[in-house]
Amino acid sequence: MKKINVAVVGTGFIGPAHIEALRRIANVEVAALVEVTQELAEQKAGQLGIPKAMLFEDMLTDSSIDAVHICTPNFLHFKQAKAVLDAGKHVICEKPLATKIEEAEELVALADSKGLVNAVHFNLRYYPMVRQMKIMRESGELGDVYSIMGSYLQDWLFLQTDYNWRLEPDKSGDSRAIADIGSHLLDLTEYVTGLKITAVMADFSTIHKTRLKPLKAIETYSGKMLQPSDYEEVPINTEDHASVLLKFDNGNKGSVTVSQVNAGRKNRLNIEIAGSKANYEWCSEKPNELWIGRRETANQHLMKDPSLFTVEAAKLISFPGGHNEGFPDTSKQMFKEVYEAIATGAQPENPSYPTFADGHRELLICERIIESHRKQAWVTI
Ligand code: SOE
């Protein structure tokens, strides 16, 4: 079997998650690790058991590299994705695709003109139950969508001493909670329901107006307490919490709440989709279960089991019922589809995986949400 050689750029929280998922795919070889200095690249490549350590520019000119995963802070996504496409390599980019809508537009056009495989890591689509909900909705089991109520709650930025590059707009963009986790929720909402969001009304709050920034670098989710002298106080300009009302193209409504300061909520996306025949509720912290609400009969509880799933959704399951699959499996399932396309050498006409066009769509919704909060008014998408 011909192996596809991959380079991964960035080794924060998500880079190693990509590497682990890639290693579970038969025709993929994680060949190179890219970091900001050669020394760091070598150190991380050694720790992760990756043969080559390189700088970004050297990776671009290395003809043995077929595909590149961009797992760097948000402000680098545009520049790096563009350079990778220009170098003739396939690209899998972390969300958000860029920090500005014009950049995302440029990337969609460039990827189209090159015909190269392009994907954005909206991995939550790849929980088997999410695909099952989508297919059940497509086959008419949910009926017309009456309303959608979603939330995505975390607590890793709960304390004033919690700090990360995502708190700095020049690295992360003008929105934080919405761009970082709201983007997953909004993507999932449109993906599962098949509806488009047509207008938004948003209101943000920044609970910690200032935060204590550690004077030395720390990685995402590793915000341990340092000594008081290890911090400087900095102003915070992005949202810890956001409430957004939504209008959909079927005329019905919904809402999402997103927060990174909810104690005890580690990384919890919850979505409830009320339809004319049933009601689905799914939570990412119990991803192998789906609650199905009914009016005329008893409610149901569906557990992930390939024998109970549609053939299409069962493709995302690797283990029998009762053998739980979770967050790391979502990237594996997504990359399986992406690397099937890469093996053909070009982006298929209707990719099953999230593309740069989906990344652009999320950025558009996010920009309108920021605009709505600033104007304190409804904004159309
Ligand atoms: C940090 O909030 C983060 O890592 C997001 O960036 C991810 O997309 C999500 O998976 C979990 O939280």
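Which residues are linked with Arg 131 in a network of salt bridges? Keep that in mind as you go through these close-ups of a predicted model.

**View 1. A salt-bridge network around Arg 131.** Here's what to look for: Arg 131 is linked with Glu 312, Lys 315 and Glu 337 in a network of salt bridges. Arg 131 is buried, at a relative accessible area of 5%, while Glu 312 is partly exposed at 35%.

**View 2. Asp 187 meets Arg 125.** The closest N and O atoms of this salt bridge are 2.7 Å apart. Asp 187 comes from helix α8 (residues 177–193), and Arg 125 from the loop between β6 (118–120) and α6 (128–138), so distant parts of the chain, 62 residues apart, get linked. Both ends are tucked away: Asp 187 counts as buried at 3% relative accessibility, and Arg 125 is buried too, at 6%.

**View 3. Glu 138 and Arg 137 pair up.** The side chains of these two residues form a salt bridge, with 3.9 Å from N to O. Glu 138 is partly exposed, at 48% relative accessibility, whereas Arg 137 counts as buried at 18%, since buried means under 20%.

**View 4. The whole set.** Zoom back out, and a search of the whole structure turns up 22 salt bridges.

Methods:
Residues are numbered from 1 along each chain as its sequence is written. This is a predicted model: local features need pLDDT of at least 70, side-chain atom pairs count only at pLDDT 80 or more; totals for chains, interfaces and linings use all residues. Side-chain values use heavy atoms; hydrogens and water are left out. A salt bridge is a side-chain nitrogen of Lys or Arg within 4 Å of a carboxyl oxygen of Asp or Glu. Helices (H or I, at least four residues) and strands (E, at least two) are DSSP runs, numbered from the N terminus. Buried means under 20% relative accessible area, exposed over 50%, partly exposed in between (1.4 Å probe, protein chains only).
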